[in-house]
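Trainee: Could you show me how to read a structure like this, feature by feature?
Mentor: Gladly; let us look together.

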Amino acid sequence: MATLRKQYAVSRYVYSEDSFGEDYEKVYRVRKTTLDHVKEYLTCDSKRAKNAVLSLLPIIGWMRIYRVREWLLGDVVSGISTGLIAIMQGLAFSLLASLPPSYGLYTAFFPMLTYFFLGTSRHISVGSFPVLSLMVGAVVTRLVPDEGPPANITGFEGLTQDQQRVLVASSVTFLMGIFQLAMGVLQVGFIVVYLSDTLVSGFTTAAAVHILVSQLKFVLGLTVPGISGPLSIIYTLEKIFVQITSTNICDLVMSILIMAMVFIVKELNDIYKAKLPVPIPIEVIMTVIACGVSYGFNFEKRYDVEIVGKMVSGYEPPMAPNVEVFQESAVEAFPIAIVGFAVAFSVAKVYSIKHDYTIDGNQELIAFGISNIFGASFRSFAASTALSRTAVQESSGGKTQIAGLISAMMAMIVTVALGFLLEPLPRSVLGALVIVNLKGMLMQFREIPYLWRRDKTECLVWLGTCLGAILLGLDLGLVVGLGVELLTVVFRSQFPRCSVLANINGTDLYRDRKDYLHIFEPKGVKIFRIPSPIFFANIEFFRDKLVEAVGFNPLRVLRKRNKALRKIKKQLQGSRDLVCQTTEESYMNMEELDQPTDLKGFPFQMDWNAELPSNVDVPRVDLHSLILDFSAVSFLDISAMKGLKMALKEFIRIDVDVYIVACDVYIVEKLHMCMFFDDEILTSMFFPTLHDAMLHVLEKHKDDTKNGWVMLEVRKLKQVELTSPYPFFNS
């Protein structure tokens, strides 16, 4: 493809911000006050009421455009396919939550009923998600451990261990739903932006490691108590390896065979997905075979295999959550709510973009909040979505959440009528299904070399999140990941890559002088760029880098000039000898030295770059103009404004003209509001573009030749016409 090389020519005035404002009148916009926004928010009319209903019940929007003949068959096929997977995953993921398998079917049913009406995504499959199940399981095993007494909670009296665990899981889920609903009502769906793709990848990879370790006890047929808290994964592995010689060979062989078969068929599904109308439901097939073989050969008694056991038939009446569990689990429930929403929203966004419809983050929070509250009332545990299930629902022809409703109906049929058929299913089979479905999350380890090559800071976020979540647990690991991520943002803002710019020959473009060979730098001019906001944390860094770029400290030069000036004045007056002067100068007030040089009463014009008396030592300053490129500065705070003002005055007081270019208009307005301008710092220092400022500088210093500055012919009529043998002006 040929490189674009079209030419353009612009002939216009050289503008400062002041002259630009004189020629082009700015429109004055009346901004709404907080009271105006409140009044507008509380105003209600028929149109707003209609929009509110459509926003709260998105089902109305897509049901009105539903194409029965084109979409219904696809939704039915998709619902059946997704339902089969949701049933198997519900049974398997309930083990992660340390609950009886039948309660996983509740999670595949109840949350979907409310999301069907309230959700804005038409494609995600709502139900259990392994990461959330594991996070809920950590709370369950902490409050109701396998060994030892449960926590001192009044509501546990008279309940079996399984009933206590169900109460804990449903109460945590209820609180999770309250958090999500509250965030949705308060319109804080934007919170998900703080969970970057890198952080989520590292977190879910760590969760996959936790899930893998937690399922080893089922695959190996060992009795290992659930452990939660920091370093729980290490303690769990220790207990597994202590008992490794007690491995149940039947469980191990069966698990290996099932994982191999499921892995192979899933790979074939991916390879031939374009030719297969629906993916082969290999999990369902292997589950049916395992149930039949286990029942026929009586694995439970003959080989001491732990099976699913008694399945709850039908649905139990709703129950209220336990407030004491709320108090014990509030710290864990909030990250569970955030992770559940972040995963669901990111998956929903992928498919909304693919199918060209919009989703609302705040409405999704409301939908999941109500879904989890409703489901928890009927003993289900935390619901979100799983990428594998959603992929099946979309790829098998699902167009709307009717497919999700049908999948929920299938879970209901199994719960009400067919649950007893799953009772002989070995738990090791469910563990094997969980492990084999971790492939996608575990393969995210491949991102480490990619991130290391592309962005080492992002790689640090991934590693910090992953290691923190593996070693400290998922809740603390998420906090660690957020901390590392915010630190990288602070680091990048506090220590930006500042640069000195130069003109690219023959253009009005300016780039880093270190990156190009054919550049033009007029003598006595320095262009400095800072590519970040300037605020209290980086203002000193900005000043240090500015001093480094110009090659001298303006405050030190000013003080030396004032000392030298006093010395010269005294020599002219002949009042004291040099020794006395030096002694007196050591006691001079530093505030006096920082003031502008006072040349009143001097019989001659002072040239600090000329030859001075031998006893006067003042650094030479060859800089006459400093241009600050603020095009990437998005805001200034009060502290930075004070530091910037001080830095500008230090340069101005040693006769260096300072110009600020491409400054955001709202920053300029803030500078006016904060009384930034005075007798030394003027609005005429501001220019709309870097090239305008450079042309102004060269025009101002065109006749100054005593230091060998570049001579330029600038012919000024009504407009500035630039004609010069130097390529800098051929623009």
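Mentor: Start with the overall layout: the centres of domain 1 and domain 2, taken over C-alpha atoms, are 56 Å apart. Keep in mind that this is a predicted model, where local features need pLDDT of at least 70, side-chain atom pairs count only at pLDDT 80 or more, and totals for chains, interfaces and linings use all residues. Residues are numbered from 1 along each chain as its sequence is written, and side-chain values use heavy atoms, with hydrogens and water left out.

Trainee: Which residues does the domain assignment give to domain 1 and domain 2?
Mentor: Domain bounds come from an automatic or database domain assignment. Here domain 1 is 58–146 + 165–490, and domain 2 is 499–567 + 618–703.

Trainee: How do I read a nonpolar core, and which residues touch the most other members of the largest one?
Mentor: A nonpolar core is a set of buried Ala, Val, Leu, Ile, Met, Phe, Trp, Tyr and Cys residues joined through side-chain atoms within 4.5 Å. Buried means under 20% relative accessible area, exposed over 50%, and partly exposed in between (1.4 Å probe, protein chains only). In this model the largest core has 128 residues, and Val131, Val168 and Ile258 touch the most other members. Helix H15 (residues 323–354) supplies the largest share of this core, 15 residues. Helices (H or I, at least four residues) and strands (E, at least two) are DSSP runs, numbered from the N terminus. Another core, of 39 residues, lies apart from the largest one and includes Ile539 and Leu671.

Trainee: What does Val131 touch?
Mentor: Contact means heavy atoms within 4.5 Å. Leaving out residues up to four places away in sequence, Val131 touches Phe203, Ala207, Ile211, Val339, Met441 and Leu474.

Trainee: Is helix H30 mostly covered or mostly uncovered?
Mentor: Helix H30 (residues 690–700) is mostly covered, with nine of its 11 residues buried. Among them are Leu690, His691 and Glu699.

Trainee: Why is Val253 called partly exposed?
Mentor: Because its relative accessible area is 43%. Val253 sits in helix H12 (residues 249–271). Between Val253 and Tyr666 there are 69 Å in space, C-alpha to C-alpha, and the two are 413 residues apart in sequence.
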